[in-house]
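Here is a short briefing to read alongside the model. Take a look at the sequence and the structure first, then work through the topics below.

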Amino acid sequence: MKFLKAFSIAAMVVAMTAPVHSAAAQDSAIGMWHGVLVTPGAQLTLLFNVREGTAGSLTGDMESIDQGPGKAPLDRIVASANRLAFAIPAAGATFEGVWIDGSQSWNGTFRQGAEFPLVLKRGAPPSTKVVEGVNGVWRATLQRGTVGLRLVLRARTTPYGTRVSLDSPDMMAMGMQVEQFERDGNSVRFRVPISGVQFSGTLTERPHSISGDWLREGQPPAQVTFVRDTAGAPRRVRTQWPITPKGYRAEDVSFANPTDQRVTLAGTLTVPDGEGPFPAVVLISGSGPQDRDETIFGHKPFAVLADYLTRRGIAVLRYDDRGFAKSTGGFSSATSADFATDANAAVRYLMTRKEINTKAIGLAGHSEGGLIAPIAAADNDNIAFLVLLAGPGTRTDQILISQSRLMGLSQGASESEIDRMEPILRVVTRAVASAADSADAVARVRAEMTSERLAIMRITAAQVEPMVQQWTSAWMRYFLTYDPAKYLPRLRVPVLAINGSLDVQVASAENLAGMRVALARNPDATVRELHGLNHFFQTAKTGAIGEYDGIAETFAPSALELVGDWIVQRFGVGGTAVQKR
């Protein structure tokens with residue numbers, strides 16, 4: 001689901017250019033600019049370098065100083081006397097700001113799935129002091145109850161001083177800014193303001209380690225030992241990747257969304273060998289900006305699913321989310337209802353293909369995609385079936401509460417900690433869901449952010465506004481008012497709804513119970529729990545988010561087989577008559 005996505009900035013070096021308005025506009029934008037991006041999960045110093053290109057154009061790149069070397073190119077740079085805008089395609093992000101004379105800065109909004117305020121000031125960022133002998137990656141495990149949480153401390157000396165950040169992969173917190181990192185002889189200490197952590201330890205040379213006390217308010221002290229990584233990050237093993245198309249052809253395609261002229265979706269259509277016509281399925285990704293393969297943690301679940309189904313004789317269309325990768329349009333301002341129009345545009349495109357059985361086109365949505373699919377089907381008689389992969393069967397505000405508890409427990413939080421947080425979560429979700437509009441939502445959430453509640457949540461003053469903006473986005477306001485009971489009972493086409501028993505993001509038992517009630521009148525609804533699988537339908541041990549990356553399997557064969565069998569039994573393969581509707 002969307003609120004689980006970690007904030008990250010990809011880096012790659014590519015040269016891109018775009019037109020600007022005038023030479024005077026170029027002069028106002030050319031140069032080095034820096035800003036601090038504060039999100040609910042990280043605080044990142046970004047450096048932008050805008051240069052003069054050719055034929056009246058500007059080029060540029062962005063570097064995340066705290067996240068390591070590498071530059072992402074800027075695209076579609078537009079400059080005028082009082083406005084600066086550009087895209088960062090590699091990060092699926094954009095910036096748009098206005099010039100403020102008083103502060104001599106571009107004040108604007110950075111959009112990457114959510115919206116965050118960002119102020120760009122001319123020149124390089126302020127330098128931090130250089131700390132000798134600490135460069136490198138340091139790994140540790142923090143024990144919380146019976147759960148071990150991985151910690152990754154990253155230190156590197158740049159032209160702007162020694163920059164240190166902390167990752168907590170099991171908490172999906174990446175790039176947390178480390179402050180007051182100091183070394184005095186063999187004594188090392190630092191703070192992580194965004195999580196309220198203080199560390200004080202001793203550096204040893206053989207082995208290279210830093211051992212000390214990990215202190216966080218409200219939790220007992222813990223002993224943590226960071227060991228310098230000399231072997232490099234563990235090699236990711238992906239047993240179902242790479243994929244070589246066999247028995248089918250793959251074609252890059254694009255299609256417009258007729259409800260929004262700004263949106264053109266780019267994707268891949270895989271079609272079995274032969275003339276067909278073949279049944280077809282459109283894949284709808286989970287929340288946050290996703291590419292056509294739903295790439296996450298080095299896994300490509302949609303590529304694996306598409307490969308399997310196409311080998312079974314089912315055509316598959318998967319596409320990049322609007323505004324991400326090769327698709328155009330705006331992502332950050334869109335809601336699930338907007339994404340439903342994208343799914344219907346994909347169906348509309350498939351209707352034009354002679355290889356496709358137009359009476360056997362369905363939607364398969366994962367997570368939020370399983371919320372989007374019923375919305376799309378409600379207004380589209382051309383949709384012949386739905387496959388809901390961990391899609392919501394209960395109210396989404398209830399899922400959010402359940403998710404918070406399950407994820408907290410899987411990450412080592414105590415029941416008492418969760419019990420203190422849950423009432424605040426309920427208050428905030430009600431405030432957002434009951435708001436009349438965006439401005440009302442912002443006012444309501446700000447009013448609920450009392451000093452007492454901020455202390456319980458361990459939220460710093462710098463985090464408040466980004467958190468408010470995230471909670472009151474158009475996407476979140478729609479999400480918190482979505483009720484599957486408005487859509488699922490209306491479905492009369494075949495529906496397959498499945499969950500993994502170890503899913504900590506959409507709790508299987510209560511979710512599937514809601515599915516069974518909502519689909520009770522559907523003559524062909526299959527609702528099933530798959531034992532031992534997590535939210536991404538991997539074979540798991542606990543279902544915790546921290547396991548996703550380390551599992552070699554991308555999509556359990558048992559889940560693939562269930563989906564493939566279910567579709568084939570109802571719609572056959574190329575040229576085969578529909579068996580059951």
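In what follows, Ala, Val, Leu, Ile, Met, Phe, Trp, Tyr, Cys and Pro count as nonpolar, Asp, Glu, Lys and Arg as charged, and the others, Gly among them, as polar. This is a predicted model, in which local features need pLDDT of at least 70 and side-chain atom pairs count only at pLDDT 80 or more, while totals for chains, interfaces and linings use all residues. Residues are numbered from 1 along each chain as its sequence is written, and side-chain values use heavy atoms, with hydrogens and water left out. Helices (H or I, at least four residues) and strands (E, at least two) are DSSP runs numbered from the N terminus.

**Confidence**

- The protein chain has an average pLDDT (the predictor's confidence in each residue, from 0 to 100) of 89, and 94% of the residues score at least 70.
- Residues 1-26 have a pLDDT below 50, and this stretch makes 90 contacts (heavy atoms within 4.5 Å) in the model beyond near neighbours in sequence.
- Residues 575-581 also have a pLDDT below 50, with 16 contacts beyond near neighbours in sequence.
- Where pLDDT is low, the predicted coordinates should not be read in detail.

**The second largest pocket**

- Rolling a probe the size of a water molecule over the atoms shows where empty space is left.
- The search uses a 1 Å grid over the protein atoms alone: a cavity is a set of points where a 1.4 Å probe fits but cannot get out, and a pocket is an open set with protein on both sides within 12 Å along at least five of seven lines; lining residues have an atom within 4 Å of a point.
- Grid points are joined across faces, edges and corners, and a volume is the space filled by probe spheres set on the points.
- The second largest pocket has a volume of about 540 Å³.
- Its lining is made of 26 residues, and those closest to the centre of the pocket are Arg76, Ala87, Ala93, Thr94 and Gly329.
- Strands E6 (75-79), E7 (83-88) and E8 (93-100) each give at least two residues to this lining, and E7 provides the largest share, five residues.
- By class, the lining of the second largest pocket has 10 nonpolar, 10 polar and six charged residues.

- Five cavities of 30 Å³ or more are present in the structure, and the largest cavity holds about 130 Å³ of space.
- Of the 15 residues that line the largest cavity, Ile284, Ser285, Asp321, Phe339 and Ile372 lie nearest its centre.
- Strand E22 (278-284) and H3 each contribute at least two residues to the lining of the largest cavity, which divides into seven nonpolar, four polar and four charged residues.
- H3 (residues 336-350) has 15 residues and spans 21 Å from its first C-alpha to its last, close to the 21 Å expected at 1.5 Å a residue; the expected span is 1.5 Å times one less than the number of residues.
- Because 11 of its 15 residues are buried, H3 is largely enclosed by the rest of the structure. Buried means under 20% relative accessible area, exposed over 50%, and partly exposed in between (1.4 Å probe, protein chains only).
- The buried residues of H3 include Phe339, Asp342, Asn344 and Tyr349.

**Backbone points to inspect**

- Most residues other than glycine have a negative phi, and most peptide bonds are trans.
- The bond from Trp241 to Pro242 is cis, with omega near 5°, and Pro242 sits in the loop between strands E19 (222-228) and E20 (248-256).
- Gly276 and Pro277 are also joined by a cis peptide bond, with omega about 5°; Pro277 is in the loop between strand E21 (264-272) and E22.
- Gln104, in the loop between E8 and strand E9 (105-112), has a positive phi near 50° and is partly exposed, with a relative accessible area of 45%.
- Ala390, in the loop between strand E25 (385-389) and helix H5 (396-410), has a positive phi near 60° and is buried at 0% relative accessibility.

**Two loop residues**

- Gly543 lies in the loop between strand E27 (525-530) and helix H12 (557-571) and is buried, at 0% relative accessibility.
- Not counting residues up to four places away in sequence, Gly543 touches Leu502, Val504, Asn534 and Tyr548.
- Glu132, in the loop between strands E10 (114-122) and E11 (136-144), is exposed, with a relative accessible area of 60%.
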